[in-house]
Amino acid sequence: MPIRKFAVPSSEAEIPDFLNAIVLLANFVVIPATAYGAQLALGALGVTLVYSVLRFANFAHGDLMAFGTAATILIVWLFQGWGVSLAPLPTAILALPLGMIITCLLALGTDRFVYRFYRHQRSPAIVFVMVSVGVMFIYNALTRFLIGVDDRRFEDGERFIVTVIGFREATGLDQGLALRTSQVLTVIVMVLVTTAVFWFLRSTRTGKSMRAYSDNEDLALLSGINPDRVVLVTWMLAASLATIAGVLYGLDKSFRPFTYFQILLPIFAAAIVGGIGQPFGAVAGGFIIAFSEVALTYAWRGFLTHILPPDLIPAGLVQILSVEYKFAVSFLILVIVLLVRPTGIIRGRVF
Amino acid sequence: MSRIARPLALYAVMASLIVAVGFIQSWTVALSITNLALISAIMTLGVNIQWGYGGLFNAGIVGFAALGGVAAVLVAMPPVTDSWIAGGTNLGLAGLAILGTIGAAVFVRGRTHGRRRTWATLFTILAGYIVMRIFLDPASDAIEAINPSIQGYLGGLGLPVLVAWPVGGLFAAGAAYLVGKVALGLRADYLAIATLGIAEIILAILKNENWLTRGVKNVTGIPRPIPSERTFQTIGWVSELGHSFGLSPAMTAAIANRLGYALLFLLVLGTILWLAERALNSPWGRMMRAIRDNQDAAEAMGKDVTRRHLQVFVLGSAVVGIAGAMLVTLDGQFTPTAYTPLRYTFVIWVMVILGGSGNNWGAVLGGFVVWYTWVMAEPIGNHLAAALADLLPAGWLRSHILDSAPHLRPFLMGMILLLCLRFAPRGLIPERRAPSTRKPEVN
Amino acid sequence: MNMLVAENLTAGYGGVDILHSCSFAVGAGEIAVIVGPNGAGKSTAMKAILGMLPLRTGRVTLEGADITGLSPQARVAAGMGFVPQNDNVFPTLTVEENLEMGAFIRRDCYQDTMESVYALFPVLREKRRQPAGELSGGQRQQVAVGRALMTQPKVLILDEPTAGVSPIVMDELFDRIIDIARSGLSILMVEQNARQALAIADRGYVLVQGRNRFTASGETLLADPEVRRSFLGG
Ligand SMILES: Nc1ncnc2c1ncn2[C@@H]1O[C@H](COP(=O)(O)OP(=O)(O)OP(=O)(O)O)[C@@H](O)[C@H]1O
Ligand SMILES: [Mg+2]
């Protein structure tokens with residue numbers, strides 16, 4: 001018999017059940033979706049930046065994330081070998097800056113030896129997309145060479161901030177709630193990073209010149225903005241964001257190179273939903289996609305049993321889509337946006 | 001002159017490379033490579049129709065190939081009567097629900113306007129979906145319970161497997177029509193992203209709707225259009241013919257079986273190639289290329305570019321679907337997990353770009369060259385890794401290098417694609433351009 | 001002394017020549033106006049002067065120094081301000097950011113210049129936090145001119161600054177351009193409103209099919225019966 005700490009004199013039986021429902025929702029929908037949304041937001045921000053400056057959908061972004069994560073994991077192992085740690089935080093946080101630097105170098109090298117040629121040729125966007133497919137293969141091979149194709153877990157340190165049992169004991173509720181370090185970390189890092197990126201774009205000279213270049217390339221050239229510098233900064237931002245997003249995703253779930261290709265679809269969807277080329281839209285899009293995905297693939301029956309009278313509780317799982325179809329959700333939202341408002345929620349470029 | 005000599009020479013080189021495998025390794029291997037190369041060539045033709053004729057980037061080839069593949073199951077496998085009895089009624093009702101939803105959506109759209117129309121449509125579809133699930137879920141459970149270890153699905157129509165090939169094309173064309181309706185007419189890369197998405201969804205459905213495809217349990221034993229090796233062994237004159245070449249009966253049968261497929265595939269490839277060439281050189285083909293080369297001008301001349309693009313997109317996907325059905329026919333089994341984007345989407349792209357976008361003969365050659373490279377990358381990768389490892393002392397690095405041999409494949413594919421785009425963007429056999437369709441050089 | 005001189009320009013797009021030995025010049029503090037029918041090559045001439053097109057023949061000098069070999073950016077740094085005919089603002093940047101981007105190559109403090117631009121176009125000060133893409137056509141032209149002024153150029157090159165604005169706004173803009181010229185800048189501008197433009201021009205050029213057809217002072221051209229008949233509608 002659990003102790004009812006929140007017992008209220010009137011209608012004693014219903015209130016905790018209502019609380020149980022909220023806890024259930026928080027545990028299975030809100031918390032996971034927020035963390036996932038933050039990861040998608042960071043990924044989509046990188047895609048959208050590349051899009052707005054270099055004007056193409058970068059198919060290699062997923063594999064850039066995978067590479068950045070792989071590089072970070074190697075450094076984590078190195079640190080672990082040396083006994084260096086950041087406990088209770090995961091060692092990955094310590095390794096992340098180094099992983100970002102390595103990934104930046106890779107992205108800059110790619111630009112120098114691959115993309116720059118087409119930029120100077122002023123090739124059409126679709127050629128860039130094709131080239132990014134080639135780059136995707138190379139990144140994929142590099143990642144596999146670095147770390148193989150297996151599943152890797154690299155979360156160390158204190159794994160939970162709130163455990164299910166701890167929560168039950170503390171609150172006396174039937175439903176438990178788990179809050180993982182990686183989830184809280186994901187959200188904190190995402191808030192810090194996006195704030196920094198927005199500040200950079202809005203307030204620094206370089207950031208403004210990036211936006212100017214994205215707005216009107218010819219006029220930017222006439223204003224003396226150096227395109228090579230803009231592109232360099234863009235790749236550094238994209239690579240850093242890709243690494244951060246990839247590492248946070250890997251900490252939260254696990255690292256497998258192939259899943260990083262699959263996550264490309266929700267990331268593209270987030271960028272388009274937000275209005276491609278719009279940094280703020282990309283972040284909003286990330287959360288829209290994540291919440292829709294989790295909410296549509298969640299079995300709502302448990303939640304309903306807490307809030308409905310017993311005779312109204314449905315027999316089925318009340319799950320709109322099974323979890324295997326989670327990528328369908330991104331696609332559905334993408335299709336709806338393309339049909340209804342191709343510019344995205346914040347007007348992006350369509351042509 | 002060199003317009004003929006160059007392709008001829010390249011084809012001759014390719015043929016001798018395959019023959020070399022026959023002499024060095026074995027004829028069955030050479031024929032197996034040929035068969036898959038033929039199928040790849042057909043897929044490449046399909047993608048070339050989209051990219052070469054229309055400039056459309058399809059990032060979901062794997063999905064269309066898989067849709068073609070499922071046609072082989074649905075057409076050729078014998079029906080499972082018990083499953084139909086168990087789930088047929090509910091399944092029929094679910095089907096009616098889908099039709100009803102479509103009808104209701106059309107009705108609702110006719111009665112509403114603007115923003116409200118969008119929401120009303122979405123709501124109708126959602127409601128229809130829920131109704132459909134109410135019937136589909138029990139049907140699916142009932143069907144999957146029927147003899148799950150070997151059946152647990154509806155089976156097919158029990159028709160000859162060759163019927164599945166055009167049906168596969170139709171399936172793919174249908175899916176392409178829907179995606180094209182949504183994504184064409186917007187930015188070129190939106191089509192790429194939308195096709196990437198539809199492919200993921202097609203694959204998810206094929207892996208998870210067990211009542212339809214048995215999902216990851218695979219469908220095996222799909223009827224074959226060519227007598228099996230065992231049957232060939234019993235045919236006297238075949239064995240004798242093999243014997244006169246000094247081949248064992250088993251080897252003869254293996255070769256005869258593969259040769260049968262090769263001829264069949266060659267027939268399909270030849271037909272599609274002939275049609276594709278005719279289309280390319282017809283007024284329609286010239287118009288398509290004119291649109292591709294200068295979309296703005298074509299639009300200004302009153303051409304409905306989006307409609308034309310939808311045409312090539314559907315046509316190209318249909319060809320990919322046919323090839324997908326052929327692939328499953330060759331394997332004799334349907335394995336949803338085998339469809340990876342790397343292998344079936346992006347490698348096909350390498351084939352198109354290397355072969356010569358816009359040139360059908362180039363596309364076919366690209367299919368052969370890249371498939372050959374793909375197959376050979378494994379032994380070569382192993383050799384390279386072994387040679388490299390020999391130079392190293394035993395230890396971590398050495399075993400790492402040995403383990404890394406398979407990763408040579410994506411690396412090679414990426415390299416071919418990038419080098420080709422950079423240094424030979426028109427491919428091995430460049431497109432023949434009529435002077436009138438050449439884009440004016442700007443700057 | 002002439003501030004900007006372009007002599008014998010022959011240039012075009014990819015092999016086809018649009019300009020055939022055109023020459024233009026602007027004196028210090030003067031206004032020079034180029035008029036001509038649509039497609040005459042006026043914009044092309046501006047691009048050639050800015051170095052945005054390769055020249056087949058001809059040379060460009062600024063204050064007597066040969067700048068023919070310089071890139072457009074270097075010419076801007078050397079003292080040429082350019083307002084293109086189309087797409088001449090950064091639409092998602094605010095008015096103030098547009099001006100800042102105009103001053104991108106300056107390393108010194110540009111607050112004074114910005115103040116003087118706001119003084120010239122007071123409406124821009126009101127709208128300085130608004131994205132330039134949301135402004136009216138006339139206001140956008142003011143942003144474009146303001147952006148070009150931010151480098152403190154010696155010569156300002158304007159390609160149809162009054163295109164698509166109402167007659168009242170157009171008069172206003174012409175007044176501002178005269179103000180700018182009075183402050184000592186040289187102005188080379190292309191105009192569709194030939195009559196009004198020639199009225200304020202120290203020098204006028206009539207360009208037809210990529211060739212100098214008439215070259216004289218604005219007054220003379222306005223008085224010339226043939227120019228009046230063919231290009232000023234009687
Ligand atoms: N980027 C380009 N590529 C090819 N040809 C061009 C290009 N820009 C202009 N032209 C051609 O050059 C010629 C002159 O164009 P230009 O824009 O210089 O005319 P304009 O005198 O400025 O006309 P308007 O009064 O309409 O602005 C036209 O025939 C035009 O078609
Ligand atoms: Mg013009």
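Author: Over all chains, the structure holds 28 salt bridges, a salt bridge being a side-chain nitrogen of Lys or Arg within 4 Å of a carboxyl oxygen of Asp or Glu. The model is predicted, so local features need pLDDT of at least 70 and side-chain atom pairs count only at pLDDT 80 or more, while totals for chains, interfaces and linings use all residues. Residues are numbered from 1 along each chain as its sequence is written, chains are lettered from A and ligands numbered from 1 in the order in which they are written, and side-chain values use heavy atoms, with hydrogens and water left out.

One of these bridges joins A:E217 to A:R55, with 3.2 Å between the closest N and O atoms. Because A:E217 lies in helix α8 (residues 217-222) of chain A and A:R55 in the loop between α1 (14-54) and α2 (61-82) of chain A, the pair ties together parts that are 162 residues apart in sequence. Helices here are DSSP runs (H or I, at least four residues), as are strands (E, at least two), numbered from the N terminus. A:E217 is partly exposed at 23% relative accessibility, and A:R55 is partly exposed at 24%. In these terms, buried means under 20% relative accessible area, exposed means over 50%, and partly exposed lies in between (1.4 Å probe, protein chains only).

A second bridge in chain A brings together the side chains of A:R180 and A:E155, at 3.4 Å from N to O. This pair also links distant parts of the chain: A:R180 belongs to strand β2 (residues 179-180) of chain A, and A:E155 to the loop between α4 (125-147) and β1 (160-162) of chain A, 25 residues apart. Here A:R180 is buried, with a relative accessible area of 15%, and A:E155 is buried as well, at 13%.

In chain C, the side chains of C:E172 and C:R176 meet in a salt bridge of 2.6 Å, N to O. Both residues lie in helix α7 (residues 167-182) of chain C, four residues apart, which is about one turn of the helix. C:E172 is partly exposed at 39% relative accessible area, whereas C:R176 is buried at 18%. Back in chain A, salt bridges that share partners join A:R153, A:E155, A:R159, A:R180, A:D252 and A:K253 into one network.

The setting of the chain A bridges is as follows. Chain A has 14 helices and two strands. Its radius of gyration is 22 Å, close to the 20 Å that the globule rule gives for 351 residues, so chain A is as compact as a globular protein of that length; the radius is taken over C-alpha atoms, and the rule is 2.2 Å times the number of residues to the power 0.38. Along the principal axes, the C-alpha atoms of chain A fill a box of roughly 75 × 55 × 35 Å. Buried residues make up 59% of the 351 residues in chain A. Of the contacts in chain A with a separation of 6 or more, 75% are between residues 24 or more positions apart, contact meaning heavy atoms within 4.5 Å.

As for covalent links between cysteines, a search of the whole structure finds zero disulfides over all chains, a disulfide being a pair of cysteine sulfur atoms within 2.5 Å. Among the cysteines, A:C104 is buried at 10% relative accessibility, and C:C109 is exposed at 58%.
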